[in-house]
Amino acid sequence: MDFSSGNAVITGGASGIGLSLADRLGEEGMTVVLVDIEEGALLAAVDGLVAKGYSAYGRICDVSDRNQVEELASGVFDEFGAVHFLANNAGVVTRHKSWESLDDWDWVLGVDLMGVIYGVHSFVPRMLESGEIGHVMNTASTAGLLAFPSIGSYNVAKRGVVALTETLHHELKGTPITASVLCPGMVDTNIHWSERNRQGVASPSEMGSAGVGNKEELSPSEVANVVVESIRNGIFWILPHTHYGEQALEQAKRRVEGGPPVLPFVDR
Ligand SMILES: NC(=O)c1ccc[n+]([C@@H]2O[C@H](COP(=O)([O-])OP(=O)(O)OC[C@H]3O[C@@H](n4cnc5c(N)ncnc54)[C@H](O)[C@@H]3O)[C@@H](O)[C@H]2O)c1
């Protein structure tokens, strides 16, 4: 994968990991199309990248709406001709017990899982048709490998993203497109403030960030650097926090033994 030219589309590009990735890819030489639901943040993000001399564009889109994602893909291919890097990265999280609020389940699965499915559905056929070398990176989480209590909808969505990306990897064999899945632990972003983008929520609540002050917390730009270097080296499982890989291994052993699931821990 050559990051020195071509076009990148990054959902959730107005903040956090998506914005840092856009910054890194812009620096590398790609044209970046930032996609987001939050208009003010998106405009500011694009302005910031353009001010650095990068080729950056913004597109408003709610990734949980299949028609909007299809329109996005059609518009981007019409305007830019091809997409070489797709990051299905937009995501939200909220706390609830598994038996609580179906609205929470709908919202989180809509953005974090269906958003990625729609991205794959609308972009991959067009990428394949162009015949050009490309890459699809889906952002999951360590929650895609291990189930943390009180964020069941997030765990289910992210495990779905992991399964989807593994499937995609097999299905893309023999094509010019490769895939990878990003599974970070704590990253210093606005994720704990996800409700700012939730329709129908008048006063968004902040879910306490479990990441603040934890040893393992990385900056989004550190994660963006890991992403670029990992994809360059053909790595499928992008795990910026290695201790979760060890926990996932322990989990796999327990599965074979039939033992109860591992309770994941954050490196404090
Ligand atoms: N921050 C962490 O600790 C962490 C850990 C593991 C995985 N992740 C994942 O990383 C990804 C990026 O999150 P982040 O941490 O940078 O958070 P963030 O809140 O800083 O960025 C997420 C972006 O997604 C956008 N977004 C939300 N709903 C959307 C929708 N319906 N359509 C389009 N855009 C939408 C937001 O406006 C925001 O710009 C997410 O998928 C998240 O689950 C984050």
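Guide: Helices here are DSSP runs of H or I with at least four residues, strands are E runs with at least two, and both are numbered from the N terminus. Residue numbers start from 1 along each chain, as its sequence is written. The model is predicted: local features need pLDDT of at least 70, side-chain atom pairs count only at pLDDT 80 or more, and totals for chains, interfaces and linings use all residues.

Now the shell itself. It holds 32 residues, and G12, S15, G16, G91 and T189 come nearest to the ligand. A residue is near if its C-beta atom, placed from the backbone, lies within 6 Å. By class, 14 residues of the shell are nonpolar, 15 are polar and 3 are charged. Nonpolar covers Ala, Val, Leu, Ile, Met, Phe, Trp, Tyr, Cys and Pro; charged covers Asp, Glu, Lys and Arg; the others, Gly among them, are polar.

Follow α1 to its partner. The axes of α1 and helix α6 (residues 220–232) come within 8 Å and cross at roughly 55°. Axes are lines fitted to C-alpha atoms, for helices over the stretch in contact, with angles from 0 to 180 degrees between N-to-C directions. The two helices are therefore oblique. Under 35 degrees counts as roughly parallel, over 145 as roughly antiparallel, 65 to 115 as roughly perpendicular, and the rest as oblique. The crossing of α1 and α6 is right-handed. That term applies if the near helix is turned clockwise from the far one by less than a right angle; anticlockwise is left-handed.

Which residues make this contact? From α1 come G16, I17, L19, S20, L21, D23, R24 and E28; from α6 come P220, S221, V223, A224, N225, V227 and V228. Contact puts two C-beta atoms, placed from the backbone, within 7 Å. The classes are 8 nonpolar, 4 polar and 3 charged.

Other helices pair up too. The axes of helix α4 (residues 102–130) and helix α5 (residues 152–171) come within 8 Å and cross at roughly 15°. So α4 is roughly parallel to α5. Their crossing is right-handed. Here 13 nonpolar, 2 polar and 3 charged residues make the contact.

Helix α3 (residues 66–80) also meets α4: the axes come within 9 Å and cross at roughly 25°. That makes α3 roughly parallel to α4. On the α3 side are R66, V69, E70, A73 and F77, facing Y118, G119, S122, F123 and R126 of α4.

Step back to the chain. It has 7 helices and 7 strands. Their order is β-α-β-α-β-α-β-α-β-α-β-α-β-α. The radius of gyration is 18 Å, close to the 18 Å from the globule rule for 268 residues, so the chain is as compact as a globular protein of that length. That radius is taken over C-alpha atoms, and the rule is 2.2 Å times the number of residues to the power 0.38.
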